Amino acid sequence: MDNTTNPQLTITALTAINIAKATTIILLIGFAFILGIHDWRQVIYLCLHISYCLWWLIEQWFYPQRSKVIFNQTVGVIGLILSLIIIGFLYTLPGYLAFINPNPISFITVAIAIPLFYFGSLINAVADVQKLTAKQYGEGLVTDNIWRFSRNINYFGDLLRYLSFSIVSGSPWGYLVPGLVFVIYLQRILKKEQTMSEKYPNYQDYQNNTPRLIPFIW
């Protein structure tokens, strides 16, 4: 009998994340139909989180080379299931909390959450585009422009975005998601720091002079 390729091996991390993001959109729309929209809190949450998921998907159309250099590792069915559980379902927790929150959203909450979302999204997108462009041109370690403020500035932007979702939810439980994202990113950061020094001779100087995650602080 001829050997056949295991279909699990064709699932990349990016594919798994894309499916999870699409699942998030479906769940949030489901919340709107099942739980109803009673206040601007739900409207704002839908606009923020769904626009983020749509941008994630659309960005890959703008930059098709992204799939070749970012999240291109194989994860298989188990990785897909984990992505669905964490990104597709768990990350919608602030959205669910926003829909069951009976209190009207305040102007202060809106004034804090929306700038956090858009600045976080802008920081994340700019950082990814700069690094992606650098990889295309075969450059080494990226340390200039937005990357001079933090060695993981893309993660910082993403954390601001998830923090905005929690603020809109109006529930302390909503902060479990940015807390989880922080833990996941911290693990990635520590793992990356172990290999970057070996890969780039100038990484030690970059590490000594640039904050790990939060600009000007840490």
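Over the ring of which residue does the charged end of Lys131 sit? The ring belongs to Trp147, with the charged end of Lys131 4.1 Å from its centre. A charge counts as sitting over a ring if NZ of Lys or CZ of Arg is within 6 Å of the ring centre and within 35 degrees of the ring normal. Lys21 likewise lies over the face of Trp56, at 5.3 Å from the ring centre.

The model is predicted, so local features need pLDDT of at least 70 and side-chain atom pairs count only at pLDDT 80 or more, while totals for chains, interfaces and linings use all residues. Residues are numbered from 1 along each chain as its sequence is written, and side-chain values use heavy atoms, leaving out hydrogens and water.

Aromatic rings come next. The structure holds 12 aromatic pairs, where rings of Phe, Tyr and Trp (its six-membered ring) pair if their centres lie within 6.5 Å, and planes under 30 degrees apart count as stacked, over 60 as edge-to-face and the rest as tilted. Tyr155 and Tyr185 form a stacked pair, 4.1 Å centre to centre with 10° between the planes. Because Tyr155 lies in helix H7 (residues 153-169) and Tyr185 in helix H8 (residues 176-199), this pair ties together parts that are 30 residues apart in sequence. Helices here are DSSP runs (H or I, at least four residues), numbered from the N terminus. Both Tyr155 and Tyr185 are buried, that is, under 20% relative accessible area, whereas exposed means over 50% and partly exposed lies in between (1.4 Å probe, protein chains only). One aromatic cluster is formed by Tyr45, Tyr52, Tyr91, Phe117, Tyr118, Tyr162 and Phe165.

Two packed helices are described by the angle between their axes and the distance between the axes. For helix H2 (residues 40-62) and helix H6 (residues 107-136), the angle is about 5° and the axes are 11 Å apart. H2 is therefore roughly parallel to H6, a term for angles under 35 degrees. The contact (heavy atoms within 4.5 Å) involves Ile44, Leu48, Ser51, Tyr52 and Trp55 of H2, together with Val110, Phe117, Tyr118 and Ala125 of H6.

Helix H6 also holds Thr109, which is buried, with a relative accessible area of 18%. Leaving aside neighbours within four places in sequence, Thr109 is in contact with Ile167 and Val168. By contrast, Asn209, in helix H9 (residues 203-209), is exposed, with a relative accessible area of 65%. A polar atom of the Asn209 side chain lies 2.7 Å from the backbone oxygen of Asp205.

Technical notes:
Helix = DSSP H or I, 4+ residues; strand = E, 2+ residues; numbered from the N terminus. Polar contact = N/O pair within 3.5 Å; in protein donor to acceptor, adjacent residues only side chain to side chain. Axes fitted to C-alpha atoms, helices over the stretch in contact; angles between N-to-C directions. Parallel < 35°, antiparallel > 145°, perpendicular 65-115°, else oblique.
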